[in-house]
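I opened the model and kept notes as I went.

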Amino acid sequence: MNILILGDICGISGMKAIKSNLKKIIKENNIDFTVVNGENAADNGKGITKKNVEDIINSGADVITSGNHIWDQKEIIEVISNNNRVIRPENLLKGQPGKGYEIFKVKDKKIAVINLIGNVFMKKSDDVFLAAKKFASEVKLKRDADFIVVDFHGEITSEKMAIGYFFDGKATAVVGTHTHVPTSDTRVLNKGTAYQTDLGMCGVYNSVIGMNGENSLKKFLKDTSAKRHFPADGEATISGLLVQGDHETGLAKKAEQIILGGS
């Protein structure tokens, strides 16, 4: 089972890269299932719109994960309430619409995808490790799902690595999203789970985490002419992870970082 997992789509340029290239990437790599984090896909880089959802799915994604910007575009509330292919972090505070995980049927296999959000330097949410423990007890590899993908949307590396360590042997892949910077620690952990601390973004790298560089500098320099953050223009880079899942164990046989186009 070939699983493609892509980092946060950022703004118009990121969406353009996905619409232009995702189907080709899927075909060339014989991808069976594609997960894309879309929480920054809106034109202003904050949240995701109904049109974004349609375009990402039409481009070949099977499921869209998200993070702390999931509610920035209010129209997504209706979308997520009626579309199980868009998920939000499982450990958001209780009472919010949508689901935090879903199990999808691919050919004769079942793939579970869960979205989690970190507790450190992020908006208030329920304990991510308790949520992870609860999920792991409810959805077990090769019992409830043939493959399991975890998208952990977090700020700090230690929290992400601890989640990876927790899920090692319990999930096919654990990937970090949110920081928009791809890490070079792609590997298969000791018990067989593919892991990367952060996938990076599908956006313009000649920027400050996808946002216009000059304007970002003005903000850091306390320049009063600085505007609200807005995405950088240019050719976007598609960043993510390609995981080869073992049909017998549900674990990863191989994990390969992909960085295509742009920078």
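**Entry 1: helix 4 against helix 5**

I began with a contact list: Val 128, Phe 129, Ala 132, Lys 133, Phe 135 and Ala 136 in helix 4 meet Glu 159, Ala 162, Ile 163, Phe 166 and Phe 167 in helix 5. Contact here means heavy atoms within 4.5 Å. By class, I noted 9 nonpolar, no polar and 2 charged residues in this contact. Ala, Val, Leu, Ile, Met, Phe, Trp, Tyr, Cys and Pro count as nonpolar; Asp, Glu, Lys and Arg count as charged; the others, Gly among them, count as polar.

The model is predicted, so local features need pLDDT of at least 70 and side-chain atom pairs count only at pLDDT 80 or more, while totals for chains, interfaces and linings use all residues. Residues are numbered from 1 along each chain as its sequence is written, and side-chain values use heavy atoms, with hydrogens and water left out.

Helices (H or I, at least four residues) and strands (E, at least two) are DSSP runs, numbered from the N terminus. Next I looked up the geometry. The axes of helix 4 (residues 128-138) and helix 5 (residues 157-167) come within 11 Å and cross at roughly 20 degrees. Helix 4 is therefore roughly parallel to helix 5. Axes are lines fitted to C-alpha atoms, for helices over the stretch in contact, and angles run from 0 to 180 degrees between N-to-C directions. Angles under 35 degrees count as roughly parallel, over 145 as roughly antiparallel, 65 to 115 as roughly perpendicular and the rest as oblique.

**Entry 2: helix 1 against helix 2**

How do the axes of helix 1 and helix 2 cross, and at what angle? They come within 9 Å and cross at roughly 20 degrees. That makes helix 1 roughly parallel to helix 2. I listed the contact: Met 15, Lys 19, Leu 22 and Lys 23 in helix 1 meet Asn 52, Asp 55, Ile 56 and Asn 58 in helix 2. The residues of this contact divide into 3 nonpolar, 2 polar and 3 charged.

I then checked burial in helix 2 (residues 50-58). Its buried residues are Asn 52, Val 53, Asp 55, Ile 56 and Ile 57. Buried means under 20% relative accessible area, exposed over 50%, partly exposed in between (1.4 Å probe, protein chains only). Their cover includes strand 2 (8-9), helix 1 (11-28), strand 3 (33-37), strand 4 (63-65) and helix 3 (76-82). Gly 60 follows helix 2 and has a positive phi, near 125 degrees.

**Entry 3: the core**

I looked up the largest nonpolar core, which has 32 residues. A nonpolar core is a set of buried Ala, Val, Leu, Ile, Met, Phe, Trp, Tyr and Cys residues joined through side-chain atoms within 4.5 Å. The residues with the most contacts inside this core are Leu 4, Leu 6, Ile 9, Leu 22, Ile 48, Val 53 and Ile 56. Strand 1 (2-6), helix 1, helix 2, helix 3 and strand 12 (238-245) each give two or more residues to this core. Helix 1 gives the most, with 6 residues.

I picked out Leu 22. Beyond its neighbours within four places in sequence, Leu 22 is in contact with Leu 4, Leu 6, Ala 17, Thr 34, Val 36, Ile 56, Ser 59, Gly 60 and Ala 61.

Val 149 sits in strand 7 (residues 147-153). It counts as buried, at 1% relative accessibility. Not counting residues up to four places away in sequence, Val 149 touches Ile 3, Ile 5, Val 35, Ala 112, Val 113, Ile 114 and Ala 173.

Leu 251 is in the loop between strand 12 and strand 13 (252-260). Leu 251 counts as buried at 17% relative accessibility. The C-alpha atoms of Leu 251 and Gly 169 are 82 residues apart along the chain and separated by 7.0 Å.

Ala 236 lies in the loop between helix 6 and strand 12. Ala 236 counts as buried, at 8% relative accessibility. From C-alpha to C-alpha, Ala 236 and Met 201 are 9.0 Å apart in space and 35 residues apart in sequence.

**Entry 4: positive phi outside glycine**

Asn 30 has a positive phi of about 50 degrees although it is not a glycine. I found Asn 30 in the loop between helix 1 and strand 3. Is Asn 30 buried or exposed? Asn 30 is exposed, with a relative accessible area of 56%.

Lys 222 is not a glycine either, and has a positive phi of about 60 degrees. Lys 222 lies in the loop between helix 6 (213-220) and strand 12. Lys 222 counts as exposed at 68% relative accessibility.
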